[in-house]
Amino acid sequence: MAVISAFHPPLDLPERVKQLNKQVVHTVVVDDGSDMQQTSNVLQELENLGCSVVRMPDNVGIAAALNKGIEVALEAWSPDFVVTLDQDSALDDGYISAALDTFEEARANGIEVGLVSAQSHNGLNVPLLARRARFPEAFDPLQSGAVIPVSTLKTAGMLDARLFIDCVDSEYNLRVRSHGLATLVGKGCNMTHALGQAQPMMVFGWHVSVLGRKRHVHSHAPFRVYYMTRNNIHLWRQYGSRFPVWLIRRLRFQVESDVFRMLYGANRKGQYRAFGRGFVDGWLGRLGKIDPSFQRKISA
């Protein structure tokens, strides 16, 4: 079973789902409160492909949307596995069968598997927890492309809807590992996935070059910076004592991204405000959806 969270789904989503349906028994698409006038044609195409389409009345966030889709899948089809996907992800042919082969081989060798994720994104291998493991674990696997046994959902629970978006997969990975389950990479599993929008790295109107190459920075809207900052703080509060080395390693990547984005990205004023508010809310444990008035303020 596949579950896809969609928000203002792109026009080419039905074509990707058509290819996905060759690998899964059924696909559930959850529209997360999109404008129906803009998305009705896409959703209708998905229904014509045989998908179950769930229309959320409000924007509840990717975690809650995926949870809803998983609940629908479990109630109607009782699958043994669920693969969760973003609307801009595409699995290579044979991805699911390769992931299940990895699962079965690991189980035969006494490993309790929590999930199986992509070995590579866009052809590039993902970072690993340890390089020489016989059954490597992804360092911080995305929820998109994660093949999750239903037994894991029963043991570790569903995704944390309070995070809304960003770090949802990281929190779930740590929770799964907290139960002694492995987050393996599927041998030969490649996923095509879009990660942010690359913009020129500009300083006083000059496009920065390093070693002869013009540099770019992956930019996110300020409201995403808020969620990333807040939810990263939440991870430290929840898992800092149990996974300090993992969190420090992840913090290095996050700080590097934050520094470049706030120095060279777009709407830096809004990003500074989003970072500050997210930092405070994270330490105070304020989760849930961003305050709409604050989102409008930082987006102006």
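Let's start with D166, which sits in the loop between α5 (150-156) and α6. Helices here are DSSP runs of H or I with at least four residues, strands are runs of E with at least two, and both are numbered from the N terminus. D166 has a positive phi of about 75° although it is not a glycine. It's also buried, at a relative accessible area of 13%. For that word the cut-offs are under 20% relative accessible area for buried, over 50% for exposed, and partly exposed in between, with a 1.4 Å probe and protein chains only.

Quick housekeeping: this is a predicted model, where local features need pLDDT of at least 70, side-chain atom pairs count only at pLDDT 80 or more, and totals for chains, interfaces and linings use all residues. Residues are numbered from 1 along each chain as its sequence is written, and side-chain values use heavy atoms, with hydrogens and water left out.

Back to backbone angles. N122 is another non-glycine with a positive phi, about 55°. You'll find N122 in the loop between β7 (120-121) and β8 (124-125), and it's partly exposed at 43%.

Okay, cavities. How many of 30 Å³ or more does a search of the whole structure find? One. By cavity I mean a set of points, on a 1 Å grid over the protein atoms alone, where a 1.4 Å probe fits but cannot get out; lining residues have an atom within 4 Å of a point. Points are joined across faces, edges and corners, and the volume is the space filled by probe spheres set on them. The largest cavity holds about 40 Å³. Its lining is L115, P141, L142, Q143, A146, I148, L159, D169, Y172 and N173. Two elements give two or more residues to that lining, β9 (146-149) and α6 (168-178), and α6 gives the most, with three. By type, the lining has seven nonpolar residues, two polar and one charged. That's counting Ala, Val, Leu, Ile, Met, Phe, Trp, Tyr, Cys and Pro as nonpolar, Asp, Glu, Lys and Arg as charged, and the others, Gly among them, as polar.

Now salt bridges, meaning a side-chain nitrogen of Lys or Arg within 4 Å of a carboxyl oxygen of Asp or Glu. The count comes to 11. One of them pairs D12 with R16, closest N and O atoms 2.9 Å apart, and D12 is partly exposed at 41%. Another pairs E47 with R55 at 3.2 Å; E47 is partly exposed at 30%, and so is R55, at 38%.

Then there's R277 with D281, at 3.5 Å. Is D281 buried or exposed? Buried, at 4%, while R277 is partly exposed at 32%. They're four residues apart in helix α9, which means about one helical turn between them. Salt bridges with shared partners also join R277, D281 and R286 into one network.

Staying around there, L284 belongs to helix α9 too (residues 268-284).

Last one: D258, in helix α8 (residues 244-264), is buried at 10%. Its C-alpha is 9.4 Å from that of Q271, 13 residues apart along the chain.

Conventions
1 Å grid on protein atoms, 1.4 Å probe; cavity = no way out; pocket = protein on both sides within 12 Å on 5 of 7 lines; lining within 4 Å.
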